Amino acid sequence: MMKLLEQMSQESGQKIQNVLTDDEEEFIRVSTDLNPDGNFGEQWIIVTDRRVIVMPAEGADGVVDIPIRELVAVQTEPLIGGGRLEIERKRQATLFVHYSSSLAEKFSEVARGLEQLRQQDEFLINTELDQTRCSKCGRLLPEKNGICTACIRRLATLGRIASYLKPYKWRAGLLALVSLATIGSELVPPQITRHIVDKVFLPPEGTADSIDSRAALLGLCVLGLIGARLLRWGSELVHGWTVSWLSARVTADIRSHLYRRLEMLSMQFYDKRRVGALMSRVTRDSDMLREFLVDGLPYLIINTLMVVGILGFLLWMHWQLALYMLTPIPLIMIWGTLFWRRMRRIFNKHGQGWAHLSARLNEALAGIHVVKAFAQEVREIREFEKKNINLMQISRKTARHWFVFFAVTSFLTGCGGLIIWLFGGVEVLRENLTLGTLAAFSSYMWLVYGPLEWFSRVNSWMTRAFAGAERIFEVIDASPEAYNDPEATSLAEIKGRITFKDVTFGYDKSKPVLHEVDLNVAPGEMIGLVGKSGVGKTTTVNLIARFYDVDRGAIEIDGVDVRKVRLEDLRSQIGIVPQEPFLFSGTIAENVGYGKPGATFEEIMQAAQAANAHNFIVAKADGYDTHVGERGNNLSGGEKQRVSIARAILHDPKILILDEATSSVDVETEKEIQEAVARLIKNRTTFAIAHRLSTLRNANRLVVLDAGRIVEVGTHSELMDKKGVFYGLVELQQQTSEIIGIGIRE
């Protein structure tokens, strides 16, 4: 049994224990951030197997004790800036417990748990609530359940990225070899320069080397420098080619893996996330990761090995001078640590600014028709400018900090050069150090300080890239729908019997949309779902396709619980015509054929004829090759609806769902579609939702929903004779039509 038990102070815990009896079992123990007066404060709600206790945190006075058997209903009610838990009691007034908006999800689960206990049902609540703060460091997250950049497990993330290199281990090995060659080509030239100065230009006194021998040695050294340069050039060429290939391939693999997972995730996953944020993972985050793999990781490895190799040479040549040269490094490291601690917060704000800008842009362009219809272009431009200016200010602040960082870092590294010439020069004058060794030290110094400056920059780069990688892996690790459930039952051919057994469901678990629905539908029967907006008609058909799982009860297809049926078998035999038809960019033929991959042109045309779409298609200049545009915007609402119906017809489903299938068509077109539907529903179990109730006259039965419950079931004539809820809906619709007709005539 899942329990929701929050930690409380020792004093408050002792007060709770004094109230509870020894044999009571706690199910829920949560705090709210508002007191009974609505001001910021704290209250505790404790739910046991017997009662509900509401206790103010400041003391035991004012404790409310409610036995479970006294509960009538429990629900949450959203308010401005927060909400309240409403506990309705049998003999006393309803109790209100207020909370701020940040605790809305938690109290939704509390209400759900109390409803389950009230109904003596199985106690099952979600204890994995949305997080707004990091569980480790307590920092605010950039988004709900987001990644805390301060707590990124860099080594673990790097290892996971590296795991994508396994299929390309030979190229990875080649990359390692050319990296070593690159390092060698950098380390050798200062040593050659040292020999030129000490052996050619300033040979030790007492040596009998002739000018010719020194010239020959100079020639060999120059050849060595040329060889090192050629090695450097060749290794950089191979290194760049290999890195570009590997990074592009690895990033493409990660992006493909991410997209495959996005396609396999449930509707509940998408309900909690913005499309713009998910698009950012596929585009911006993956591109940031690619840039790091190209320009960051290879050079991180090379520069690390380079610094280690140079330090070895320096300590070997003159360890005292090497220690002097390294004096500024602690200062550089301290400065870098302080700087990046501040920059991490700025980068978080920068990422949030980009996310908000992208989300606003996506929303505004997706709803451009609404913007135009209400003449709100100026308003949308103003809102975009706010986000754009905010991003500009953060970007300017980031650039300003970068300038300060590099200025201070350059000053500290410059001090290293002064130290070498000061102390190294003294050692040369004392003849404890050769001039060639001092020149080599000077060359190696810049080879050390250069990577140190780069390390400071790559730290932020790595943090942002790894944060993007973590966001990608967060989606990849999300639980997909059970497509590959080995225990699922195969239904190769569905007959079409559908049974609802005590079905209760809510998108917000504390507010069920459907309540205890029982319905038995025979194979081939057409059911019309009727009711006001928001009573659960679309929710009912969504549950049949298992876009969501019921909270309580079961839905059976041919006697098998849909949760145990192979998803592919289930959805491949269900055809859906949604209330708002969605067409993909492409031709009309491609959109109709989407219902049956590999369909012939004759099959596509037959489906279009059955949907009464053929005539308007062939009337267009390009016929079935007409491009529908993005979201089908090149077609009218009625045309899009008929293409959507043709797609469902070609799919040849055993179960057909028509969700307001005639909502976007005129009366003449509606008549044509009704004729097509009459042919289509033969030998298919059909659920139809229609705005105009008269269109459901041919349904075998009408199921009338009110407040999420079935209140009437019968044929059109039976329900009209009954003069109940359905009769009232028909009368109201007729009155509305008459009023509209009078307005039009006037």
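Reply: The answers below take the labels one at a time. This is a predicted model, in which local features need pLDDT of at least 70 and side-chain atom pairs count only at pLDDT 80 or more, while totals for chains, interfaces and linings use all residues. Residues are numbered from 1 along each chain as its sequence is written, and side-chain values use heavy atoms, with hydrogens and water left out.

Me: Why are H4 and H5 called roughly antiparallel to each other?
Reply: Helix H4 (residues 169-201) and helix H5 (residues 211-264) pack at an angle of about 160 degrees, with their axes 8 Å apart. Angles over 145 degrees count as roughly antiparallel, under 35 as roughly parallel, 65 to 115 as roughly perpendicular and the rest as oblique. The angle of H4 and H5 is about 160 degrees, so the two are roughly antiparallel. The residues of their contact divide into 21 nonpolar, eight polar and six charged.

Me: Why is the pair of Phe 505 and Tyr 507 called edge-to-face?
Reply: Rings of Phe, Tyr and Trp (its six-membered ring) pair if their centres lie within 6.5 Å; planes under 30 degrees apart count as stacked, over 60 as edge-to-face and the rest as tilted. The ring centres of Phe 505 and Tyr 507 are 5.0 Å apart and their planes are at 80 degrees, so the pair is edge-to-face. Phe 505, Tyr 507 and Tyr 548 form one aromatic cluster.

Me: How do you know whether Phe 505 is buried or exposed?
Reply: Buried means under 20% relative accessible area, exposed over 50%, and partly exposed in between (1.4 Å probe, protein chains only). Phe 505 has 1%, so this residue is buried. Tyr 507 has 41%, so this one counts as partly exposed.

Me: What makes H12 largely enclosed by the rest of the structure?
Reply: Helix H12 (residues 537-544) has eight residues and seven of them are buried, so the helix is largely enclosed. Among the buried residues are Lys 537, Val 541 and Ile 544.

Me: How do you know that the charged end of Arg 171 sits over the ring of Trp 245?
Reply: A charge sits over a ring if NZ of Lys or CZ of Arg is within 6 Å of the ring centre and within 35 degrees of the ring normal. The charged end of Arg 171 is 3.8 Å from the ring centre of Trp 245 and sits over that ring. Likewise, the charged end of Arg 84 sits over the ring of Phe 96, 4.2 Å from its centre.

Notes:
Axes fitted to C-alpha atoms, helices over the stretch in contact; angles between N-to-C directions. Helix = DSSP H or I, 4+ residues; strand = E, 2+ residues; numbered from the N terminus. Nonpolar A, V, L, I, M, F, W, Y, C, P; charged D, E, K, R; others polar.
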